[in-house]
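Hello,

Here is the structure I promised to pass on. Please open it first, then read the notes below.

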Amino acid sequence: MKLPLFSLLLIYCSISFAQLSVQNDAYVFVKNQYVYVTDDVNIDDVDSKIYLRDEAQLLQGNGTTGNSGIGQLSVYQTGTVNQWSYNYWCSPVGNNSAAFGNEDARVNLIDDATGLTSSVDALFVEGYDGSASPLSIAQRWLWTYQISDQYLDWFFVGATGNIKPGLGFTMKGNGTGLTGSQLYDFRGKPNNGTITNDVANGLNTLIGNPYPSAMDSAAFIHDPANQASINGTLQYWEQDGNVPSHVLQDYIGGYSLFTIDEFGAIITNTPAVFFTYDEQDNVFSLPPGPGGSGSKQALRYIPVGQGFMVEGIAGTPEAPAMVYTRNSHRAFAKESDGNSYFFRSNTNDSNTTETNEPIGIQYQDNGLSIIPEDYKRFRINVDFSDDELQYTRQLVLNFHDSATAGFDYGLELIRSESYSSDAYFSLDEKVYSGQAFAFEEALIIPVAINIEQEQPLRFRIFDIQNFDDSQGIYIHDNVTNAYTNLRNLDYELNIESGNYTDRFNIVFTNQALYVDEFNTTQLIINQDNTHHQLSVQNPNGMNVKRITLYDVAGKRVLQSDFDAIEEAYNLSTINLNDGVYIVNVSLDASSIAKSQKVIIKN
């Protein structure tokens, strides 16, 4: 479709074009709907415009020509007004020119909206603080980040530095209020097609949604090329705007972690450490966290302009791998419908569902997602009180028959940042905030705790989904041999400084209740590394039903069931990796007669 001189097209319902060309003084005004263009968008002349308003969005198809034009697409997004707090951004537009294809963005492509279609250039200042009206942006907070795990590797871009398509950038708010939103008008050539950015194994890159439409996180995370290049955890920055300081060591903030299964039905997420939940599962914050109630929850659809960190699993800084965003990842999803959420200081409490693309995800009143009936889940809140600083690390556990002994992409959360006192799961020398298991009562799931200095420590449980009411969920303290059913009671203790990697376990049976019923010396467990064999001797003819091996992360790696009483049971361990394992010998479905660590060396 080509719009002639002085024409005007108002779109109040969804509409599709093969191509869209806007020329001379013509403009397209889209309100609360989407425009789908199969091939390219050409905004040919300097006075030609496309206005996306009221959460309108532009989606594009398989065309390979690329967008062009010296006119502008204008799309709004709101960030925090708070002058102390960062948002992570990704520009939906690049420099406008007659050339075909995406071009670098600059922060000075942002305008100050003065009317429904009118705007003026945003101002840029050299000081610490900007202003909301007229929109004035402090340049010193405009940075990008690519392939690093060091704070010193943030790269300053300022107002005019070039930012690759799809690469994220930081910007602080420009007002004096603690809460509220600042409107930004992004104007330029709309990004389109396949966009790549560099990633490297074990290092982070700040990217984002580079399109003037929402993006489906499930399609992005489970794109086959991305499964080979990133770990599948999206890291969204959250910061406490109540701390009136631009000094780094004063910041209170962290990353909300998010992943989703390939079908878009199961969200696994944890909040930044300064958010927590009380015993009624209502969001609140421990001091000195943010005041009031409400926490941000990342949803399936990533909104226009949202930036986030990803960690690479392939490539090196010298020979990086690529993370991809594509038109096939794009979707029409509005923040007001509760399907996407931009990480800023105000809270979106809407839980309605998008009528254009049914999701299948329902939410609890506290904003946490409800999982399908064939899954189980619970969360552990570990509360720290280090001098004056109190905070909570939340850990989440998913259970499903499809979960494996290794890393379950889309169900587990790998964490890049930790604090001097913190809690985590561990697998293959990586730190996790969420893990997945095939559920059985014999599971042993270690929870590692690092403590910088002596302090009170508390374990709490909530968001228990699809477990029988009678199923106990225990924290086992290996030092005191205490079993605490977290469904009935929090576990609190005063703990000395140290790294506790094997003191605390999540278990599902209270062995203290039946340990005296069996003479565990009647079973002798030996690992023969010469012949790669685990042996369980049974001299007194005990009725052994099952032998199970778990790695130190608590994942089942080997299991054998038995119908007959034998003098000895032998299991081959030749296919297992070198390491420490836990052997459980069970006499029936609910009891463990003996549990012992063995070292396997192949």
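In what order do the 3 strands of the open sheet come, and is the pairing parallel or antiparallel? The order is S46-S47-S50, and the pairing is antiparallel. Keep in mind that this is a predicted model.

The edges of that sheet are strand S46 (524–528) and strand S50 (568–572). Each of them pairs on one side only. From one strand to the next, the twist averages 15 degrees.

Now look at S46 and strand S47 (residues 533–537). They run antiparallel and are joined by 5 bridges. Asn526 stands opposite Ser535 in S47.

Next, find Thr573. This residue is in the loop between S50 and strand S51 (579–586). Is Thr573 buried or exposed? Its relative accessibility is 0%, so Thr573 counts as buried; the cut-off for buried is under 20%. The side chain of Thr573 also makes a polar contact with the side chain of Gln527, at 3.0 Å.

Then there is the largest pocket. Its volume is about 1100 Å³. It is lined by 40 residues, and the closest to its centre are Tyr151, Trp237, Leu248, Tyr255 and Glu417. Which elements give two or more residues to the lining? They are strand S11 (86–89), strand S24 (234–239), strand S25 (253–260), strand S30 (307–311) and strand S36 (389–399). By class, the lining has 20 nonpolar, 15 polar and 5 charged residues.

Best wishes

Note on methods. Residues numbered from 1 in each chain as written. Predicted model: local features only at pLDDT ≥ 70, side-chain atom pairs only at ≥ 80, totals over all residues. Heavy atoms only, no water. 1 Å grid on protein atoms, 1.4 Å probe; cavity = no way out; pocket = protein on both sides within 12 Å on 5 of 7 lines; lining within 4 Å. Points joined across faces, edges and corners; volume = space filled by probe spheres on them. Helix = DSSP H or I, 4+ residues; strand = E, 2+ residues; numbered from the N terminus. Nonpolar A, V, L, I, M, F, W, Y, C, P; charged D, E, K, R; others polar. Pairing = 2+ DSSP bridges. Axes fitted to C-alpha atoms, helices over the stretch in contact; angles between N-to-C directions. Buried < 20%, exposed > 50% of the residue type's maximum accessible area, 1.4 Å probe, protein only. Polar contact = N/O pair within 3.5 Å; in protein donor to acceptor, adjacent residues only side chain to side chain.
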